[in-house]
Amino acid sequence: MATQVSKAILVRLEALPGKEGDVRDFLNQGLSIVQGEPKTVRWFAVQFGPSSFGIFDAFPDEDGRQAHLSGEVGKALGQNTGVLFAEPTIEPVDVVAEKQPA
């Protein structure tokens with residue numbers, strides 16, 4: 001049975017002009033980072049439009065969410081702000097309901 005989640009984060013990234021491919025690469029590299037985070041139990045990198053991207057990740061509790069924000073992904077977001085994308089929008093959200101993976 002999959003771990004139930006109660007906390008999540010929605011991050012919105014707007015690629016700087018000409019950096020769309022680099023943002024896609026950045027997101028793919030992020031996957032390898034979160035695979036080493038046991039409390040990041042769901043993680044999705046998405047593209048909303050030609051230059052708009054996002055990350056949705058979910059955690060079993062607030063400790064998991066805070067560990068993620070203060071970990072390697074959070075550092076990578078800071079290091080690439082103004083280089084690959086504009087200032088990200090980071091929205092903490094509560095999970096009301098979920099369909100767990102099979």
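# Checking the labels against their cut-offs

User: Why does aspartate 94 count as exposed?

Analyst: Its relative accessibility is 52%. Exposed means over 50%, buried under 20% and partly exposed in between (1.4 Å probe, protein chains only), so aspartate 94 counts as exposed. This is a predicted model, in which local features need pLDDT of at least 70 and side-chain atom pairs count only at pLDDT 80 or more, while totals for chains, interfaces and linings use all residues. Residues are numbered from 1 along each chain as its sequence is written, and side-chain values use heavy atoms, with hydrogens and water left out.

User: What makes the meeting of aspartate 94 and lysine 7 a salt bridge?

Analyst: The N to O separation between their side chains is 2.9 Å. A salt bridge asks for a side-chain nitrogen of Lys or Arg within 4 Å of a carboxyl oxygen of Asp or Glu, so the pair of aspartate 94 and lysine 7 qualifies. The two residues are 87 apart in the chain, aspartate 94 in strand 4 and lysine 7 in strand 1. Strands here are DSSP runs of E with at least two residues, helices are runs of H or I with at least four, and both are numbered from the N terminus.

User: How do you know that aspartate 22 forms a salt bridge with lysine 19?

Analyst: Their closest N and O atoms are 3.9 Å apart, and the limit is 4 Å, so the pair is counted. As for accessibility, aspartate 22 is partly exposed at 32%, and lysine 19 is partly exposed at 29%. By the same rule, the count for the model comes to seven salt bridges.

User: Why is arginine 65 called buried?

Analyst: Arginine 65 has a relative accessible area of 6%, which is under the 20% limit, so the label is buried. Arginine 65 is in helix 2, residues 62-69.

User: What does the side chain of arginine 65 reach?

Analyst: The side chain of arginine 65 reaches the backbone oxygen of alanine 8 at 2.8 Å. Arginine 65 also meets glutamate 62 in a salt bridge at 2.5 Å, N to O. Both residues lie in helix 2, three residues apart, or about one turn of the helix. Glutamate 62 is partly exposed, at 31%. With neighbours within four places in sequence set aside, the contacts of arginine 65 (heavy atoms within 4.5 Å) include Lys7, Ala8, Phe59 and Asp94.

User: What makes strand 2 and strand 4 the edges of the sheet?

Analyst: The four strands form an open sheet in the order 2-3-1-4, with antiparallel pairing. Strand 2 (42-47) and strand 4 (89-94) each have a single partner strand, so one side of each is left without a neighbour in the sheet. Ignoring direction, neighbouring strands are turned by 15° against each other on average. Helix 2 packs on this sheet and touches strand 1, strand 3 and strand 4, its direction making about 30° with that of strand 1. Axes are lines fitted to C-alpha atoms, for helices over the stretch in contact, and angles run from 0 to 180 degrees between N-to-C directions.

User: How do you know that strand 1 and strand 4 pair?

Analyst: Pairing requires that DSSP finds at least two bridges between two strands. Strand 1 and strand 4 have six, in the antiparallel sense, so they pair. In strand 4, isoleucine 90 is the bridge partner of valine 11, and proline 92 is that of isoleucine 9. Strand 1 also pairs with strand 3, antiparallel, over eight bridges; there leucine 10 stands opposite phenylalanine 56.

User: Which residues have the most contacts inside the largest nonpolar core?

Analyst: They are Leu13, Val23, Phe26, Leu27 and Phe85, in a core of 17 residues. Strand 1 (7-14), helix 1 (20-34), strand 3 (52-59) and helix 3 (72-80) are the elements that give two or more residues to this core, and helix 1 has the largest share, four residues. A nonpolar core is a set of buried Ala, Val, Leu, Ile, Met, Phe, Trp, Tyr and Cys residues joined through side-chain atoms within 4.5 Å.

User: Why does proline 101 count as partly exposed?

Analyst: Proline 101 has 46% relative accessibility, a value between 20% and 50%, so the label is partly exposed. Proline 101 lies in the segment after strand 4. Proline 101 is 98 residues from threonine 3 in sequence, and their C-alpha atoms are 9.3 Å apart. Leaving out residues up to four places away in sequence, proline 101 touches Ala2 and Arg42.

Terms used
A polar contact is a pair of N or O atoms within 3.5 Å; within protein, one must be able to donate a hydrogen and the other to accept it, and residues adjacent in sequence count only if both atoms are side-chain atoms.
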